[in-house]
Amino acid sequence: MTIGIIAGSGFDRLDELEVLHETHGTTPWGRASAPVQQGRLHGQPVLFLSRHGVGHALAPHEINYRANVAALRDAGASALLGVYTVGGITAGVLEPGTLVVPHQIVDYTWGREHTYSQPGDVLHVDFSEPFDGPLREVLVTAAREEGGAGAPPVVDGGVYGASQGPRLETAAEIDRMERDGCDVVGMTGMPEVSLARELGMRIAGICLVVNPAAGRGVISMDEIRETAAAGRARILATLARAVPRIS
Ligand code: HPA
């Protein structure tokens, strides 16, 4: 079982990864955001892809999600762990630094290349449960073990609302998302998750809350950067702890 990690804001370069090999990331769907790196994270073998490319070159709507997922699959990944920075919408996930392992998705994105379906080869995957249950469980346990006393909470389950970006939402849009049942909002969960499922890959995500969503508190870009930086080590340690437990 080879695990692919796909991570975005704050993880453009993974200096912690001991890189053993790189593939160029070229696929029938175009080029991935960056080369797929094969290496060791805290000693654990993983494949890694920077979702936005090095230097955060690509906005969420510009990412070639089809190429990214296909490149990881072609490099040998059969399961994916996605790292997402998000805004917190509901009580319980508002504290910056909170980690949420979502169980559901509502997709508000548009205009993205979102399927591998081709004329004559239309894919209708069952997406009732977008995330893999055992993978989620491993992530929740590992994240809790990595949090010391006083660490921000790890929330098992939640609905990820995928917004188009790159702007943040209006307060009314967040109110609507809350009425729809969303707990967190991010810009990159879709179509990444459904594409993985179209390729028959298992996937789970770990979301780092970096700000209260619009209308839920003060949004400070400095605080977003600081929270992302502060959560980084815990997330990487969580991933390395999770990888050997995935079967
Ligand atoms: N909205 C959408 N995406 C995000 C946010 C947000 O508030 N914070 C981090 N990613």
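**Ligand site and local geometry**

Biologist: Which residues surround the ligand?
Modeller: T85, V86, G87, S163, L168, E169, V185, G186, M187, V210 and N211 surround the ligand, where near means that a heavy atom of the residue lies within 4 Å of the molecule. This is a predicted model, in which local features need pLDDT of at least 70, side-chain atom pairs count only at pLDDT 80 or more, and totals for chains, interfaces and linings use all residues. Residues are numbered from 1 along each chain as its sequence is written, and side-chain values use heavy atoms, with hydrogens and water left out.

Biologist: How far is the polar side-chain atom of N211 from a nitrogen atom of the ligand?
Modeller: That distance is 2.6 Å for N211, and a polar side-chain atom of E169 lies 2.8 Å from a nitrogen atom of the ligand. A polar backbone atom of G87 is 3.3 Å from a ligand nitrogen atom. A polar contact here is a pair of N or O atoms within 3.5 Å.

Biologist: Turning to the backbone, is the peptide bond from M190 to P191 cis or trans?
Modeller: The bond from M190 to P191 is cis, with omega near 10 degrees. Another cis peptide bond joins G165 and P166, where omega is about -5 degrees. Most peptide bonds are trans.

Biologist: Where is P166 found?
Modeller: P166 is in the loop between β11 (159-162) and α3 (171-179). Helices (H or I, at least four residues) and strands (E, at least two) are DSSP runs, numbered from the N terminus.

Biologist: What is the phi of H42?
Modeller: H42 has a positive phi of about 50 degrees, although H42 is not a glycine.

Terms used: A polar contact is a pair of N or O atoms within 3.5 Å; within protein, one must be able to donate a hydrogen and the other to accept it, and residues adjacent in sequence count only if both atoms are side-chain atoms.
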